[in-house]
Amino acid sequence: MCLAVPGRVLDIGERDGTRMATVDFGGVRKEVCLEYLPDLQVGEYAIVHVGFALQRLDEESARKTLELFAELGMLQEEFGDPWALAEEAGGGFAPFDLDDGPAGDAAPREGVQR
């Protein structure tokens, strides 16, 4: 699931002609495009979806939303390691966790499903 998550702008810069920011989402930091909110400033909050800041948000609303997402485990779902999450769900496998045998055959390591 992809959520629109509130985050706090930590710093702002430019990358390849695009206004970008480092945004903190309750302890997880990601780079975010600010092209839709060109006047967003350091310290302000925004709702971010798929790497784009879409809407300015007040601090109280952002904090309440982050607390609720954390309580429901949605931040881990959104920002956690996808392979670890799949393994926890019981149906995942790590496609790059293979040993090549002498004949070039890919043999799964112990505990890896194929």
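Helices (H or I, at least four residues) and strands (E, at least two) are DSSP runs, numbered from the N terminus. The model is predicted, so I kept its limits in mind: local features need pLDDT of at least 70, side-chain atom pairs count only at pLDDT 80 or more, and totals for chains, interfaces and linings use all residues. Residues are numbered from 1 along each chain as its sequence is written, and side-chain values use heavy atoms, with hydrogens and water left out.

I checked the pairing next. Strand 4 and strand 5 run antiparallel over five bridges; two strands pair if DSSP finds at least two bridges between them.

I then followed H49, which sits in strand 4. Its bridge partner in strand 5 is F52. H49 is partly exposed because its relative accessibility is 27% (buried is under 20% relative accessible area, exposed over 50%, partly exposed in between; 1.4 Å probe, protein chains only). The C-alpha atoms of H49 and L3 are 6.4 Å apart, with 46 residues of separation along the chain.

Last, I turned to L54, in strand 5 (residues 52–57). L54 has a relative accessible area of 42%, so L54 is partly exposed.
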